[in-house]
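Work through the exercises below with the structure in view. Each task is followed by a solution in steps.

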Amino acid sequence: MTVSKFLMDRPKKSQQNEQTIITVSGLTKKFNGFTAVDNVSFEVKTGAIFAFLGPNGAGKSTTIKMLTTLLQPTSGLMKVAGFDPVKDPDKARRSFGIVFQDQSLDDELTAYENMELHGVLYHVPKDLRNERIRHLLEFIELWDRRGDLVKHFSGGMKRRLEIARGLIHHPELLFLDEPTLGLDPQTRNHIWSYVGRLNTEEKMTIFFTTHYMEEADRVAHTAAIIDNGKIVARGTPEDLKRQTKTTSLEDSFLALTGKTIREEESTGADRMRMRRKAWGGR
Amino acid sequence: MVGSLGQPLLFLVALGFGFGPIYQRAGGGNYIEFLVPGIIAMGVLFTAMFSGIEIIWDKQFGFLKETLVAPVSRIEIMMGRTLGGATVATLQGVVVFIISFAIGFRPTNWMLLPLAVVFMLLTALFFTALGTAIASILDDMQGFQLIMNFIVMPTFFLSGALFPLAGLPSYISDIAALNPLSYGVDGLRGTLTSVLHFGLGTDLFILSIATFILLAIGSYLFSRIEI
């Protein structure tokens with residue numbers, strides 16, 4: 001079944017008619033004297049699949065957190081679907097869905113309940129909510145597992161569920177932070193096929209980050225590479241390969257960002273993530 | 001919930017029957033009767049703090065992160081979470097109360113039971129809010145260990161839960177007088193066994209104000225969470 005059936009009732013005021021859905025201008029974030037994001041500017045066209053790439057510690061996560069209202073910028077301007085995340089956080093939040101790198105589902109609830117909770121948080125009226133939950137769960141092929149507790153789901157199932165959940169409030173923009181990290185090839189393929197359909201059938205803009213360069217090469221329309229807090233390149237994968245005279249996105253990436261491994265200190269979040277993995281999380 | 005009952009139960013039985021005879025001989029009366037309200041408060045304290053602290057984890061790997069990015073006000077989220085945590089902690093207190101019947105405890109005045117639950121709830125709210133406030137600014141679970149040792153344990157031991165505060169050297173009784181839990185414990189003891197140190201009115205008043213202030217602080221810190 002197509003995604004169109006449930007997304008047809010998209011609200012009239014949408015970014016469909018606007019050319020750019022994300023504008024970032026002079027965005028800067030400093031933490032105690034360390035500049036994580038340094039005067040970054042880029043644009044994402046409506047309906048594009050945009051890859052935001054960069055080595056560890058480059059400022060990727062920080063930029064996304066600012067775009068998604070989780071962090072306040074030190075300076076600079078952003079526009080997400082026509083709204084400023086700093087001045088109108090709630091309006092901006094309604095316009096996008098997000099799938100984080102780390103799970104944000106409630107393990108003690110069922111798949112259906114997780115979906116429902118999201119619908120309530122985003123003020124989706126009850127009947128519409130139930131209809132959309134059904135369509136979305138069927139779309140990601142988890143409808144018959146809707147009554148099962150999420151803690152029994154595999155990593156791939158949880159990721160699929162998070163994608164479906166992020167769509168209940170009909171966003172025009174979907175943020176995906178390392179959507180296929182740690183998943184097997186079949187699941188990765190499935191996820192990109194769902195995302196691809198959302199993009200072609202519904203003109204949903206996709207903003208994703210990944211370390212899997214072949215995937216970015218295959219699916220992205222445009223990309224930007226950030227390193228040490230600054231944008232070092234932007235354009236289509238073809239542009240980047242031409243610019244660096246390489247034949248794969250991975251090679252152009254390495255050419256632009258260098259081959260030294262970025263040493264970072266582990267953050268509190270990293271330590272918790274490792275502990276979580278040790279205790280059998282995914 | 002069942003697992004977390006182990007500790008209060010252990011304290012109740014070990015300390016109650018262990019110190020009972022000596023306490024009685026020293027003229028203190030029935031130690032079990034004295035101890036039960038303290039152990040109820042213990043159940044409430046630990047459960048409340050833990051549910052608040054869970055936020056450290058939840059904001060990175062759990063459902064809380066989803067709520068931080070949703071178009072819902074932080075205050076609403078914080079209130080919901082605090083009330084939820086406080087409810088569980090209060091229930092824990094009630095369960096300890098019921099279990100104490102098995103070792104012979106009986107409240108002296110059944111009519112005051114609702115007031116006892118009020119004290120449990122206020123104490124639960126205070127410590128859930130405290131846990132939430134602390135968790136809002138911490139980034140790492142290592143901090144949790146520190147909290148347990150340097151905040152929760154002293155709070156529990158210096159609150160009159162395990163021993164009477166009357167006649168103690170001033171350095172202990174002064175600290176106890178500054179400890180919000182002392183008023184919760186005293187309120188519980190007053191309503192359940194009619195033994196009071198500060199006075200029911202004082203207990204209610206101080207505990208309410210402290211809880212109110214902490215809810216405000218907790219809300220503020222929670223609203224400023226940045227991950």
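**Exercise 1.** Which helices of chain B do the buried residues of H10(B) pack against?

Solution. The model is a predicted one. Start with the residues concerned: the buried ones in H10(B) include Asp203(B), Leu207(B), Leu214(B), Gly218(B) and Phe222(B). Next, look for their partners. The buried residues of H10(B) pack against helix H5 (74-100), helix H6 (113-137) and helix H9 (180-193) of chain B.

**Exercise 2.** Check the length of helix H10 (residues 200-223) of chain B against its number of residues.

Solution. The helix has 24 residues, and at 1.5 Å a residue they should span 34 Å. The C-alpha atoms at its ends are 34 Å apart, so the two values agree.

**Exercise 3.** Describe the fold of chain B as a whole, and decide how compact the chain is.

Solution. Count the elements: chain B has 10 helices and zero strands. Then compare sizes. The radius of gyration of chain B is 18 Å, close to the 17 Å from the globule rule for 227 residues, so the chain is as compact as a globular protein of that length. Of these 227 residues, 45% are buried. Finally, take the contacts in chain B between residues at least 6 apart in sequence: 80% of them join residues at least 24 apart.

**Exercise 4.** Which helix gives the most to the side of chain B that touches chain A?

Solution. Begin with the totals: 18 residues of chain B are in contact with 22 residues of chain A. Helix H3 (55-61) and helix H4 (63-68) of chain B each supply at least two residues of that side. H4(B) gives the most, with five residues. By class, this side of chain B has 10 nonpolar, three polar and five charged residues.

Note on methods
Residues numbered from 1 in each chain as written. Chains lettered and ligands numbered in written order. Predicted model: local features only at pLDDT ≥ 70, side-chain atom pairs only at ≥ 80, totals over all residues. Helix = DSSP H or I, 4+ residues; strand = E, 2+ residues; numbered from the N terminus. Expected span 1.5 Å × (residues − 1). Buried ≥ 20, exposed ≤ 12 C-beta atoms within 10 Å, placed from the backbone. Contact = placed C-beta atoms within 7 Å. Rg over C-alpha atoms; globule rule 2.2 N^0.38 Å. Nonpolar A, V, L, I, M, F, W, Y, C, P; charged D, E, K, R; others polar.
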